Amino acid sequence: MNELSASSRITYRAVMVRPGVTRRIRGLSDRALAWLFITPTIVLLLAINIFPLLWTIYLSFTNYRANRSNVPTIWLGADWYQSILTDPDIWAAMQVTAHFVIWTVVIETVLGFGLAYLIDKKFRGHGMWTTIILLPMMLSPAVVGNFWTFLYQPQIGLFNYVVAFFTGRAASSFQMLGDVTLSPWAIVIVDAWMWTPYVMLICLAGLRSIPDYIYEAAEVDRASKWRQFWSITLPMALPFIMLAVLFRGIENFKMFDMVNLLTGGGPGSTTEVASITLKRAAFESWRTGYSSAFAIILFVTVFGLANIYVKALNKVKSR
Amino acid sequence: MSVDVTPSIARGGLVDRLLRRGPLEAVATTIIAAGVVMLMQPFLLTLYSWSFATTLFGTVMFTIVSKVRE
Amino acid sequence: MTSATSAHSVVEPTATTRRFAGSLVVLYAIITMIPLVWIMLTAFKSPDDAISYPPKVLFKPSLEGFCNLFTTRSRQTPEFIRSLGPPQGMCDEIARSRNMVVAGPSNYVPRFVNSLIIAFGSTVLAVALGTLSAYGFSRFRVPLKDDLLFFILSTRMMPPIAVAIPIYLMYRTIGLSDTRLGMILLYTSVNVSLAVWLLKGFIDEIPREYEEAAMIDGYTRFQAFVKVVLPQATTGIAATAIFCLIFAWNEYAFAVLLTSGNAQTAPPFIPIIIGEGGQDWPAVAAGTTLFLIPIVVFTVLLRKHLLRGITFGAVRK
């Protein structure tokens with residue numbers, strides 16, 4: 001880094017000699033430059049995110065259908081919101097989402113923190129093994145969902161074979177994706193496989209942020225390892241764990257790609273998480289107004305949680 | 001949205017202290033969390049029906065509160 | 001579990017602890033790699049080996065999966081096949097052994113090319129816009145800075161399906177639906193938020209003194225940015241670019257809802273590779289393997305910066 005800066009200094013010294021500009025003009029040009037630099041990003045986001053969002057809000061109050069654009073649009077007020085928020089089927093979809101979110105977050109946090117704790121012992125080769133563990137989270141969720149359908153095949157799938165091998169049941173006696181009690185767990189397993197490394201990586205950062213001298217002081221005070229874990233390790237890593245939990249919670253609340261390819265919401269609607277319900281209403285039944293209202297409900301929830309997430313992010317940043 | 005760490009509680013009365021950013025932000029956070037739980041709980045349809053209003057209120061409150069009184 | 005040796009610091013774990021921790025982690029790593037290794041093995045199996053029970057670990061490698069991935073075939077009578085000349089190439093030979101002839105190339109290559117164009121196009125745009133904005137946010141006093149930064153981040157948090165509804169309508173109106181340009185703009189808008197946050201972290205770390213020294217020497221602010229800050233931020237820009245590339249490469253929800261033929265990328269295409277009688281697993285596995293290899297390479301390259309990337313630059317070490 002230092003060599004780099006030294007060399008770049010030499011280049012500009014050689015290239016540039018320009019009469020000094022007054023402070024005031026430089027200050028003005030700074031301001032202009034700031035806006036020049038920031039505006040393109042803001043304009044892009046306004047065009048591709050904010051304008052469509054406002055449009056969605058408008059549509060959510062109308063009877064508009066994207067496949068029948070010649071039908072006159074009627075203003076319905078908050079009718080769609082009322083019907084969604086009293087609909088037991090949508091409520092059921094929210095509970096399916098809750099099952100998915102809660103179990104994935106619990107499993108990923110326990111496994112992820114455990115792994116981070118073990119990796120923090122700095123055994124030989126921990127860097128390489130950490131990289132290997134991290135691989136699944138970088139892959140495409142859609143492609144992952146698709147190849148797990150292969151592993152879950154009742155006749156030929158590796159997953160069923162391994163379970164059959166260890167439990168003694170016949171491999172074709174259970175269908176992970178076709179059974180109403182097993183399929184909610186099938187999506188939890190795949191998500192945990194994919195995203196445990198994410199929680200692990202953030203927890204590892206948390207554990208490494210704890211300074212050694214605190215443990216040294218605890219040793220001097222003859223605190224047991226158990227005691228040290230509960231009163232030093234866990235509380236000090238907690239902001240990081242919270243960060244990971246919040247982010248995984250938000251991401252899984254809006255989960256679409258992996259579940260869509262794994263089960264498509266089925267069998268029946270046992271794995272129909274909120275995003276899949278939304279996709280069916282918006283792109284299969286073409287109830288655009290209705291699905292816009294549902295989209296806004298999901299969006300406000302995510303936006304609220306994002307506020308909390310950024311707060312958690314700042315808490316970790318100040319460490 | 002930096003974290004407020006200066007503990008200048010000595011001056012000002014109780015109302016003044018309660019209207020500071022920290023506690024109000026905590027209240028807004030709790031309301032948002034309550035709204036999300038209401039949305040996904042399996043117990044009472046009424047709670048589900050009011051979840052959106054709760055989350056929306058919490059989010060609006062959070063946005064306002066994070067502006068006032070550094 | 002107290003440390004016995006006095007040479008070590010008290011907080012150093014003992015050799016036994018280390019070995020125990022190491023073996024558990026290695027065990028997890030091996031289990032977690034099995035699905036990936038399995039899909040890569042399946043790519044080299046013949047269709048019969050791929051669906052055999054019990055699953056075969058040892059098998060005769062075959063390139064039939066790759067052939068089926070890249071070609072379309074049609075079934076013909078043995079008489080017709082005998083009337084043809086000698087087979088052209090390995091894939092034709094494999095096809096003929098199954099009473100088929102190669103009819104033409106499949107759609108995999110065009111889909112893969114779409115993925116490449118859209119991923120690189122959106123990455124270049126997002127990183128360019130992101131670098132400028134990040135510098136602006138890092139160095140200048142911008143009114144409502146925190147609000148703008150939160151706004152930028154919150155656009156990334158939106159549920160993709162919720163965004164897809166109005167985008168679908170908007171693109172239909174202005175003629176961008178199912179075009180590469182439309183997908184590039186959309187992915188840029190999602191990636192730019194990550195780029196701004198990540199790059200702001202990287203640029204914050206470059207001391208302001210460097211630019212100030214340059215400006216005292218007569219550089220304008222813009223020249224200082226180009227000649228002093230950009231070279232210093234190369235690592236950060238590269239890491240950010242790889243993150244954007246991976247996101248655009250992996251994206252599925254927008255791709256499946258907003259594209260159908262012209263601009264479709266590989267993720268929505270791979271799951272619909274169908275052979276005779278259901279999914280052609282070796283071909284699917286071959287397509288998956290080719291699609292995942294770049295990601296594996298990039299992950300290894302990125303390993304030092306992964307943490308920053310997944311926390312929007314907030315956690316650095």
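**Stop 1: where chain A meets chain B**

Select chains A and B. Here 22 residues of chain A are in contact with 19 residues of chain B. On the chain A side, the elements that give two or more residues are helix 3 (79-85), helix 4 (88-119) and helix 13 (288-317). Colour helix 13 of chain A next. It gives the most to this side, with 12 residues. Then colour by class. The side of chain A that touches chain B has 12 nonpolar, eight polar and two charged residues.

**Stop 2: a helix pair in chain C**

Select helix 6 (residues 108-139) and helix 12 (residues 234-250) of chain C. They pack at an angle of about 140°, with their axes 8 Å apart. Helix 6 of chain C passes helix 12 of chain C in a right-handed crossing.

Now show side chains. Helix 6 of chain C brings residues including Ser115(C), Ala119(C), Ser122(C), Ala126(C) and Gly130(C). Helix 12 of chain C meets them with residues including Ile237(C), Ala241(C), Cys244(C), Leu245(C) and Trp249(C). The residues of this contact divide into 10 nonpolar, six polar and no charged.

**Stop 3: confidence along chain B**

Colour chain B by pLDDT. Its mean is 79, and 66% of its residues reach 70 or more. Among the elements of chain B, helix 3 (residues 45-65) has the highest mean pLDDT, 93. Helix 1 (residues 14-18) of chain B has the lowest, 63.

Finish on residues 1-11 of chain B. There pLDDT stays under 50. The model has 13 contacts beyond four places in sequence for this stretch. Where pLDDT is low, predicted coordinates should not be read in detail.

Notes
Residues numbered from 1 in each chain as written. Chains lettered and ligands numbered in written order. Predicted model: local features only at pLDDT ≥ 70, side-chain atom pairs only at ≥ 80, totals over all residues. Contact = placed C-beta atoms within 7 Å. Helix = DSSP H or I, 4+ residues; strand = E, 2+ residues; numbered from the N terminus. Nonpolar A, V, L, I, M, F, W, Y, C, P; charged D, E, K, R; others polar. Axes fitted to C-alpha atoms, helices over the stretch in contact; angles between N-to-C directions. Left-handed = near helix turned anticlockwise from the far one by under 90°. pLDDT = per-residue confidence, 0-100.
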